[in-house]
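Let's explore a protein chain together, one question at a time. Keep the sequence and the 3D view open as you read.

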Amino acid sequence: MIAKERRPSLTVTTSRRAATHVPLHGALAELRPLAAKTAGHCHLCHEPAPLEKYGTIGTHGYDAVTIDHLDPQSEGGDDHPSNLLLAHAICNSIRGTRDVEDVRIELAGTPSAPMSVGTKTVVSVGAGAAFGRAAGYAFGERQSDGSIAFNKPAAIITGLLAALVMHEAL
């Protein structure tokens, strides 16, 4: 008799009451959209939360990554993706059913969740454009009629650098 090959799997817990056994490859696929909301960071402490560490503290120690319900299930919160974000198991335990913003202030110093990559890109490009425009006029040459000629190279270089710095800072 030939033994069947066992695929890696893990226990996915979406509530304290129920746990289901889901193949690892399927669980990671379902978790990626949640991770994208915060660029793969814990929404409470803002530190990286790698999906490979999804599971329990017993499996991955204090770096374990879990799913946190923004509106706790004990208070009527559901499993809809808009109510779910990634959190380290320890951060999720610290939070319990406390207010999300209070815990973020305590752990990360800000009431906001980390930005998604898309939001970071929009903010950094906008800031780069604003800085570039300002630099174009600040480094422009005064014309004989008193106007200032826009300095395109200064605008482009400053705008790109500002966008890169902003993206990394966010």
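Q: What share of the contacts in the chain with a separation of 6 or more comes from residues 24 or more positions apart?
A: This is a predicted model, so every value here is computed from it. Contacts with a separation of 6 or more are the ones to look at, and we ask which of them join residues 24 or more positions apart. Their share is 50%.

Q: In what order do helices and strands follow each other along the sequence?
A: The chain has six helices and six strands. Read along the sequence, their pattern is β-β-α-α-β-β-α-α-α-β-β-α.

Q: How much of the chain counts as buried?
A: The accessible surface of the chain comes to about 10,700 Å², and 59% of that belongs to carbon and sulfur atoms. To count as buried, a residue must have under 20% relative accessible area. Of the 170 residues, the share that counts as buried is 31%.

Q: Which element gives the most residues to the largest nonpolar core?
A: This core has 18 residues, and among those that touch the most other members are Leu31, Leu34, Leu51 and Leu86. At least two residues each come from α1 (24–37), β3, β4 and α4 (100–108). The element that gives the most, with four residues, is α1.

Q: Which residues does leucine 51 touch, leaving out those up to four places away in sequence?
A: Leucine 51 is one of the core members that touch the most other members. Leaving out residues up to four places away in sequence, the residues it touches are Leu28, Leu31, Arg32, Ala35 and Leu86.

Q: How far apart in space are proline 81 and histidine 69, C-alpha to C-alpha?
A: In sequence, the two residues are twelve residues apart. From C-alpha to C-alpha, the distance between proline 81 and histidine 69 is 9.2 Å.

Q: What do the buried residues of α5 pack against?
A: The buried residues of α5 include Ser124, Ala127, Gly128 and Gly132. Their packing partners are β6 (148–149) and α6 (152–169).

Q: What is the relative accessibility of isoleucine 94?
A: Isoleucine 94 sits in helix α3 (residues 89–95). Together with Ile57, Tyr62 and Ile90, it makes a nonpolar surface patch of about 350 Å². Isoleucine 94 counts as partly exposed because its relative accessibility is 34%.

Technical notes. Residues numbered from 1 in each chain as written. Predicted model: local features only at pLDDT ≥ 70, side-chain atom pairs only at ≥ 80, totals over all residues. Heavy atoms only, no water. Patch = residues over 30% accessible without salt bridge, like charges linked within 9 Å, V, L, I, M, F, W, Y side chains within 5 Å. Areas by Shrake-Rupley, 256 points an atom, 1.4 Å probe, with all protein chains shown as cover. Salt bridge = Lys/Arg side-chain N within 4 Å of Asp/Glu carboxyl O. Buried < 20%, exposed > 50% of the residue type's maximum accessible area, 1.4 Å probe, protein only. Core = buried A, V, L, I, M, F, W, Y, C linked by side-chain atoms within 4.5 Å. Contact = heavy atoms within 4.5 Å.
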